[in-house]
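Reader: I would like to learn how to read side-chain packing in a model. Where do we begin?
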Amino acid sequence: MNFATNIVITGFMGAGKTTVGQILARKLKREFVDMDTVIEERAGLTIPQIFERRGEDEFRTLERRLVYELALRNGLVIATGGGALVSDEMRETMVRSGMVVCLNASKADIRERLAESANRPLATGWERLFEARRGAYARMPYQILTTGKTPAEIAGEIAALDSGALYVHSPDGGGYPIYVGSGLLSWIADEADSLGLAGHVVVVTNETVAPLYGETLVRNLPKANLIIVRDGEAYKNLDTVRSIYDEMLVLGADRSTTLIALGGGVIGDMAGYVAATYMRGLPLLQIPTTLLSMVDSSVGGKVGVDLPQGKNLIGAFKQPRSVIIDVDVLNSLRPLQWRCGMAEVIKHGLIARPALLDPDLWNLENAENLVRQAVQVKIDIVEVDPYERDIRAHLNLGHTFGHAIEKATEYAIPHGEAVAIGIVKAARLSRNLGFIDDGLVERILKMMWQLELPTDIALDAERWYAAMATDKKWKAGVSRLVVLKNLGEAAVIEGLSKQDICAVL
């Protein structure tokens, strides 16, 4: 088999580069090269002996030569020394030859691993070296946090990158893959080790999804249990969360248990909140089963539940270990659920990727391409602003209007339909403020009509505005809304008057 590029694994001493590289090479049937081993063989000396007899400068010279040599080859899995790619020149040389992945570990993990090993010439004073190299490691194209993961899981993440999975860099120095494709639900059992599902797993789903996919998934995993909750936004509350906690205690779930959220946005948000809080945190996998949750809520780490006063007022940031999107499940969606998901796709197109507004994409035949493009919008935004302090708020286009509709109607209007109406209201507000013209508003209306999504609702303006005023995105009673500055460009506007807002209600 011919491979076009190398996979290069780097990181600090003790991060597990060699062990992970060997597992990955076997998994992908590639040749494995450990740079330190090659240097020892060529020099006829161990690394400590090279440092002692010839000095670190001589070792770095041998290392640089090997970097240039390996960069000219293809199809390798390469484990570098901890300092091999610290210089910009060496890093860029390897980046041109393939995919460079940095394994990151906490100081506590490094300390423990170094205590178990010997013959590391730079182990003395390693903490100073760790801090000195932190900036260089942060510039590597891909980052994987190894804490709490087995070498097989880490190798699985790198294999996902090699296979074309999408990837989200998270603020903790790591990240997670997003698998998008056909038949992935069946694939999960075969990859249980690399996905971290070989131990105890609890799958949380609802009464609709359980017979379709949940029961089969649990049967196929080595040691899994199923928790089923009621279906619908009305049950996304602390009472349901408490019932999940109770069932997990009965099942013996502990901090080594992995939780899978299998379902739409309600399940993803609620089970994610459970994963963030049960015993102060469990590993989480998101397996979204609706278009809406695939393109939006499963990515980015925002989880939570509703209070009677408003949506998602209780929540946390909980990054998943991975997101698995099997587009085949879209075949079981009701037309309403597809339309609701398309409202979020249209939003992504309006704020960042106008190519998503092409009606030729809006069908099951193009589902994988559609989902990949829409998810990439979310990735691009959450990587820059993981905690919604800046541009991540742009993802809320239409949502403050929409959440208020849901609250005022006691969730009789599905989220996607409420967002569709909210997007139209946001577009009209943007026009009234002089940002966009009537032509773009009409285009947005036409798209909603094509998708059979509503564009308005008979809701009293005062009641609507009152529900909006409790939105968690408003600050100290001051309005905060997302508007369109242009097609593909959004902005947050604060302090609009009640009159300006009610004019579009």
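Author: With the rings. This is a predicted model. The count comes to 10 aromatic pairs.

Reader: How are the planes of Phe317 and Tyr387 arranged?
Author: Planes over 60 degrees apart count as edge-to-face. The planes of Phe317 and Tyr387 are at 90°, with ring centres 5.0 Å apart, so this pair is edge-to-face.

Reader: Which parts does the pair tie together?
Author: Phe317 lies in strand E13, and Tyr387 in the loop between helices H15 and H16, so the pair ties together parts that are 70 residues apart in sequence.

Reader: Which residues do ring pairs link into a cluster?
Author: Phe12, Trp126, Phe130 and Tyr137.

Reader: Now the cores. What is the general idea?
Author: In soluble globular proteins, nonpolar side chains tend to be buried together. Here the largest nonpolar core has 98 residues. Ile178, Ile260, Phe401 and Ile444 touch the most other members. A second, separate core has 33 residues, including Phe130.

Reader: What is Phe401 in contact with, beyond its neighbours within four places in sequence?
Author: Its partners include Leu429, Trp464, Met468 and Leu505.

Reader: Last, helix packing. At what angle do H14 and H17 pack?
Author: About 35°, with axes 8 Å apart. Their crossing is left-handed. The contact residues divide into 7 nonpolar, 2 polar and 4 charged. Among them are Leu336 and Ala343 in H14, and Val419 and Ile423 in H17.

Conventions. Residues numbered from 1 in each chain as written. Predicted model: local features only at pLDDT ≥ 70, side-chain atom pairs only at ≥ 80, totals over all residues. Heavy atoms only, no water. Axes fitted to C-alpha atoms, helices over the stretch in contact; angles between N-to-C directions. Helix = DSSP H or I, 4+ residues; strand = E, 2+ residues; numbered from the N terminus. Left-handed = near helix turned anticlockwise from the far one by under 90°. Contact = heavy atoms within 4.5 Å. Nonpolar A, V, L, I, M, F, W, Y, C, P; charged D, E, K, R; others polar. Core = buried A, V, L, I, M, F, W, Y, C linked by side-chain atoms within 4.5 Å. Buried < 20%, exposed > 50% of the residue type's maximum accessible area, 1.4 Å probe, protein only. Phe/Tyr/Trp six-rings, centres within 6.5 Å; stacked < 30°, edge-to-face > 60°.
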